[in-house]
Amino acid sequence: MKFATNKEAVDQLAEKYQDLQSEIGKIIVGQKNVVETVLISLFSNGHSLLVGVPGLAKTLLVSTISEVLDLEFKRIQFTPDLMPSDITGSEILGENRQFQFNKGPIFSNIVLADEINRTPPKTQAALLEAMQERSVTVAGQNFKLPHPFFVLATQNPIEQEGTYPLPEAQLDRFMFNIPLSYPSYAEELEVVKETTGLQSTVVQHILNAKEIMFFQQLIRKIPIADNVLEYAVKLVHKTRPDGEYSPSVVKEYIQWGAGPRASQYLVLGAKCHAAIKGKYSPDISDVQAIANYVLRHRIVKNYKAEAEGLTEENIIDQLI
């Protein structure tokens with residue numbers, strides 16, 4: 001893709017984003033904020049964690065996004081007996097009596113890690129290492145993952161029996177934590193009408209892998225004003241109980257605050273949020289729009305917050 005100026009490229013990204021929303025909307029009813037946030041993390045070259053009860057079309061959402069983006073999609077169902085090699089691949093003895101590497105499902109553009117908290121830490125770590133390094137090492141050999149590479153993991157918040165919750169350090173690898181809520185009555189009515197008949201909907205390809213990688217680079221080139229950058233970093237500093245800017249609510253209710261990765265993702269996410277809205281530089285409102293998704297899984301409440309029924313969102317709203 002070639003444009004005379006970055007301004008023209010941002011205009012094109014905003015246009016393509018609208019096309020993506022309308023095309024995904026043919027299959028996915030409602031959930032506009034979820035679709036927007038997933039697309040922002042993809043254009044920002046980050047991974048996302050989807051948290052919602054079963055039956056909210058998480059898998060359908062991810063497969064639809066991969067379809068409109070013309071990307072290869074693989075789904076991994078995490079279970080207690082899943083081994084790291086089931087994700088990354090393993091060496092097999094070929095017909096020529098030589099060992100050769102058989103690639104696992106991680107070698108795909110979009111990977112849906114379904115119910116990531118159902119599998120032991122050893123297997124979780126194999127996926128999270130691949131997310132961070134964007135490569136896999138097997139028997140001393142390093143294999144690069146395809147570009148773009150994007151992991152969407154799902155987690156069921158209500159069923160905790162027999163699960164292995166992700167530790168905070170591994171949650172930090174995800175750019176966004178995106179909650180999915182139940183559809184409204186009108187939306188559910190539409191879903192049932194569309195899914196209990198014979199009609200089938202075909203979606204068009206809007207972007208390909210090369211165009212996505214171009215837009216990922218474009219997001220990084222978008223300028224950001226010093227006051228917006230300072231606001232994003234100060235917001236993260238406010239989440240730390242011993243920080244110089246931390247307010248009383250944080251000192252009273254937060255055990256651990258967000259790390260520097262949160263600042264990076266706030267800035268990248270704000271740039272992308274501005275671009276898809278047709279703006280050429282982010283302002284403070286763009287940082288605020290994504291702050292909950294970036295900070296929700298990076299702050300750890302203390303017992304007092306739990307006892308008083310205070311949520312992470314309540315605390316973040318007070319900081320914004």
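D172, R261 and R298 are linked in a network of salt bridges, a salt bridge being a side-chain nitrogen of Lys or Arg within 4 Å of a carboxyl oxygen of Asp or Glu. This is a predicted model, so local features need pLDDT of at least 70 and side-chain atom pairs count only at pLDDT 80 or more, while totals for chains, interfaces and linings use all residues. Residues are numbered from 1 along each chain as its sequence is written, and side-chain values use heavy atoms, with hydrogens and water left out.

Back to D172. This residue sits in the loop between helix 6 (168-171) and strand 9 (176-179); helices (H or I, at least four residues) and strands (E, at least two) are DSSP runs, numbered from the N terminus. D172 counts as buried because its relative accessibility is 17%, where buried means under 20% relative accessible area, exposed over 50%, and partly exposed in between (1.4 Å probe, protein chains only). Its side chain makes a polar contact of 2.6 Å with the side chain of R298, and another of 3.1 Å joins D172 to the side chain of R261. A polar contact here is a pair of N or O atoms within 3.5 Å; within protein, one must be able to donate a hydrogen and the other to accept it, and residues adjacent in sequence count only if both atoms are side-chain atoms. Setting aside neighbours within four places in sequence, D172 is in contact (heavy atoms within 4.5 Å) with R261, Y265 and R298.

Elsewhere, the structure holds 11 salt bridges. In one of them D286 pairs with K279, the closest N and O atoms being 2.8 Å apart. D286 is buried at 2% relative accessibility, whereas K279 is partly exposed at 26%. E313 and R296 meet in another, at 2.6 Å from N to O. Since E313 lies in helix 14 and R296 in the loop between helix 12 and strand 11 (300-301), this pair ties together parts that are 17 residues apart in sequence. R296 is buried, with a relative accessible area of 11%.

Among the buried residues of helix 12 are D286, I290, Y293 and L295, and the buried set packs against helix 2 (32-43), strand 9, helix 9 (226-238), helix 11 and helix 14 (312-319).

L295 also belongs with F43, L50, L69 and L266 as the residues with the most contacts inside the largest nonpolar core, which has 71 residues. Such a core is a set of buried Ala, Val, Leu, Ile, Met, Phe, Trp, Tyr and Cys residues joined through side-chain atoms within 4.5 Å. Helix 11 (residues 260-276) supplies its largest share, nine residues. Apart from this core lies another, of 26 residues, among them F143, L145, F149 and A153.

A cis peptide bond joins H147 and P148, with omega about -10 degrees, and P148 falls in the loop between strand 7 (141-144) and strand 8 (150-155). N45, not a glycine, has a positive phi of about 65 degrees and sits in the loop between helix 2 and strand 1 (48-51).
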